[in-house]
Amino acid sequence: MKIEDKLAVNKYDIDRDSHVRLNEEICHSCADKRCVWVCPAGCFTVLEGKLMFGFEGCLECGSCRIACEKGAVDWTLPGPGFGICYLYG
């Protein structure tokens, strides 16, 4: 089974506010963009040279915060009742 198949069965209660915030100025100057490579859910992508982030599929693992050596990721847990429900995945 591929990881995409496993991710497809996860259930999310998505908040309207993101629990991950990026310092876009720092991200723009980052050549490595390690967050793109470490995020198991694929929440980070590069489109036309710009880093894009979608929190809706976040697994709340914090890998992006750990991988960002420049400190551009402000990561917290989603609000009460929101986020991933691991029981379904």
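User: What makes the side chains of the chain positive or negative, and how far apart do the centres of the two sets lie?
Analyst: Lys and Arg count as positive and Asp and Glu as negative, whereas His and the chain ends are not counted. On that basis the chain has 10 positive and 13 negative side chains, and the centres of these sets are 2 Å apart. Each charge is placed at NZ of Lys, CZ of Arg, CG of Asp or CD of Glu.

User: What kind of model is this, and how are its residues numbered?
Analyst: This is a predicted model, in which local features need pLDDT of at least 70 and side-chain atom pairs count only at pLDDT 80 or more, while totals for chains, interfaces and linings use all residues. Residues are numbered from 1 along each chain as its sequence is written, and side-chain values use heavy atoms, with hydrogens and water left out.

User: What is the mean pLDDT of the chain, and which elements have the lowest and highest values?
Analyst: With pLDDT being the predictor's confidence in each residue, from 0 to 100, the chain has a mean of 89, and 97% of its residues reach 70 or more. Where pLDDT is low, the predicted coordinates should not be read in detail.

User: How many helices and strands does the chain have, and what makes a run of residues one or the other?
Analyst: Both are DSSP runs numbered from the N terminus, a helix being H or I over at least four residues and a strand being E over at least two. The chain has four helices and six strands by that rule, and their order along the sequence is α-β-β-α-α-β-β-α-β-β.

User: Why does the radius of gyration of the chain agree with that of a compact globule?
Analyst: The radius is taken over C-alpha atoms, and the globule rule is 2.2 Å times the number of residues to the power 0.38. For 89 residues the rule gives a value near 12 Å, and the chain has 13 Å, so the two agree. Along its principal axes, the C-alpha trace spans about 40 × 30 × 20 Å.

User: Why is V36 called buried?
Analyst: Buried means under 20% relative accessible area, exposed means over 50%, and partly exposed lies in between, with a 1.4 Å probe and protein chains only. V36 has 17%, and therefore counts as buried. This residue is found in helix α3, and, with contact meaning heavy atoms within 4.5 Å, V36 is in contact with F44, T45, V46 and L51, its neighbours within four places in sequence being left aside.

User: Why does H19 count as buried, and which residues does H19 touch?
Analyst: H19 has a relative accessibility of 7%, and therefore counts as buried, although its place is in the loop between β1 (11-13) and β2 (20-22). Not counting residues up to four places away in sequence, H19 touches F55, C58, E60, D74, W75, T76, L77 and P78. One of these, C58, is buried as well, at 10%, and C58 lies in the loop between β4 and α4 (63-67). Beyond four places in sequence, C58 touches Y12, H19, C43, W75 and I84.

User: Why is D13 called partly exposed?
Analyst: D13 has a relative accessible area of 28%, which is why it is placed in the class between buried and exposed. D13 belongs to strand β1, and, leaving aside neighbours within four places in sequence, D13 is in contact with G81, F82, G83 and C85. D13 and C85 are 72 residues apart in sequence, with their C-alpha atoms 7.6 Å apart in space.

User: What makes the phi of K33 and of E48 worth a remark?
Analyst: Most residues other than glycine have a negative phi. K33, which is not a glycine, has a positive phi of about 45 degrees, and E48, also a residue other than glycine, has a positive phi near 50 degrees. K33 is found in the loop between α2 (24-29) and α3, and its relative accessible area of 12% makes it buried. E48 sits in the loop between β3 (44-47) and β4 (50-53), and at 82% relative accessibility E48 counts as exposed.
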